[in-house]
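Q: Could we go through this structure together? I would like to begin with the overall layout and then turn to particular residues.

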Amino acid sequence: MNNHQRSASGAKTPDVKLVVMGRMGVGKSALVVRYLTRRFIWEYDPTLEFSYKHQTLVDDDVVSMEILDTAGQLYGDNRRQWEGHVRWGDGFLLVYSVTDKQSFHDVGRMKEFLDEAKKPRNVTAVILANKMDLKHERCISTDEGEKLAQELSCGYFEGSALLGDGVISEAIEELCREVRRRKMMENRTRRRSSSQMAKQVFSRVLTKIYNS
Ligand SMILES: Nc1nc2c(ncn2[C@@H]2O[C@H](COP(=O)(O)OP(=O)(O)OP(=O)(O)O)[C@@H](O)[C@H]2O)c(=O)[nH]1
């Protein structure tokens with residue numbers, strides 16, 4: 001895997017691991033770099049995957065995250081590598097370009113792939129429609145985007161890495177919130193079942209003592 005590590009803030013082990021997915025050229029790298037640096041860079045090496053560590057405030061809590069900006073197709077020879085990404089990730093940002101119909105259709109396939117790979121757990125994902133600045137080339141409407149998001153049970157955001165309208169931050173914060181909420185619930189369930197188990201063991205021991 002051509003996966004390079006870059007640390008944007010020297011962050012510690014991440015609380016939240018995010019994977020950015022989407023068809024080639026939809027603007028994944030532009031969005032991630034915009035989020036981390038507030039700058040727009042026109043060209044990136046399309047063959048490379050990068051992961052970035054970052055810390056931010058979400059609802060007044062410091063959250064450390066690692067963001068994996070993926071590259072390449074979901075299917076074919078890379079399938080194993082993708083399954084690894086999916087197992088690694090807690091939350092998924094599914095990006096399409098409003099100027100590229102195929103990238104819109106790919107979102108459904110990506111979600112299907114995630115659901116399959118994460119079974120039986122639910123997948124935490126949001127959809128981000130990018131390149132909203134290209135109004136004259138737009139071929140996917142807001143209604144279509146919202147409908148898809150509803151069908152796939154994902155949050156929906158639309159914006160532009162070029163304009164840097166803050167939408168990428170909103171989408172990432174929403175993902176962080178959802179991932180942390182899920183983790184908290186899972187921990188609570190785990191704690192509850194281990195304390196129930198401890199109670200059962202304790203009561204079995206007491207019964208044995210009582211009967212002997
Ligand atoms: N007009 C406009 N162009 C954008 C926007 N976001 C990205 N681009 C351009 O779209 C092209 C592809 O952007 P990338 O960020 O490399 O896309 P990617 O999804 O990471 O592509 P791969 O790494 O090949 O999968 C570049 O030329 C970007 O400058 C946007 O919001 N508006």
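Q: How many helices and strands does the chain have?
A: The chain has five helices and seven strands, where helices (H or I, at least four residues) and strands (E, at least two) are DSSP runs numbered from the N terminus. In sequence order the pattern is β-β-α-β-β-α-β-α-β-α-β-α. This is a predicted model, in which local features need pLDDT of at least 70, side-chain atom pairs count only at pLDDT 80 or more, and totals for chains, interfaces and linings use all residues. Residues are numbered from 1 along each chain as its sequence is written.

Q: What share of the chain counts as buried?
A: Of the 212 residues, 36% count as buried. A residue is buried if 20 or more other C-beta atoms lie within 10 Å of its own, exposed if 12 or fewer, and partly exposed in between, with C-beta atoms placed from the backbone.

Q: Which residues have the most contacts inside the largest nonpolar core?
A: Those are Leu-18, Leu-93 and Leu-94, in a core of 50 residues. A nonpolar core here is a set of buried Ala, Val, Leu, Ile, Met, Phe, Trp, Tyr and Cys residues joined through C-beta atoms within 7 Å. Helix α5 (residues 167-211) supplies the largest share of this core, seven residues.

Q: What is Leu-18 in contact with?
A: Leaving aside neighbours within four places in sequence, Leu-18 is in contact with Met-65, Ile-67, Leu-68, Gly-89, Gly-91, Leu-93, Ile-172 and Leu-175. Two residues are in contact if their C-beta atoms, placed from the backbone, lie within 7 Å.

Q: And strand β2, how many of its residues are buried?
A: Six of the seven residues of β2 (residues 16-22) are buried. Strand β2 pairs in the parallel sense with β4 (residues 61-69) over five bridges, and two strands pair if DSSP finds at least two bridges between them. Leu-18 stands opposite Ile-67 in β4. Strand β2 also pairs with β5 (residues 91-97), in the parallel sense and over five bridges; there, Val-19 has Phe-92 as its bridge partner.

Q: Changing topic: at what angle do the axes of α2 and α3 cross?
A: The axes of α2 (residues 79-88) and α3 (residues 101-118) cross at roughly 70° and come within 10 Å. That makes α2 roughly perpendicular to α3, a term for angles of 65 to 115 degrees. Axes are lines fitted to C-alpha atoms, for helices over the stretch in contact, and angles run from 0 to 180 degrees between N-to-C directions.

Q: Which residues make that contact?
A: Glu-83, Val-86 and Arg-87 of α2 meet Leu-114, Ala-117 and Lys-118 of α3.

Q: Which loop holds Arg-38, and what is its phi?
A: Arg-38 is in the loop between α1 (28-37) and β3, and has a positive phi of about 60° although it is not a glycine. Most residues other than glycine have a negative phi. Arg-38 counts as exposed because 10 C-beta neighbours lie inside 10 Å.

Q: Where is Asp-59?
A: Asp-59 is in the loop between β3 and β4. Its phi is near 50°, again a positive value in a residue other than glycine. With 9 C-beta neighbours inside 10 Å, Asp-59 counts as exposed.

Q: Lastly, is Thr-56 exposed, partly exposed or buried?
A: Thr-56 is partly exposed, since 18 other C-beta atoms lie within 10 Å. Thr-56 belongs to strand β3 (residues 49-58).

Definitions and conventions. Angles under 35 degrees count as roughly parallel, over 145 as roughly antiparallel, 65 to 115 as roughly perpendicular and the rest as oblique.
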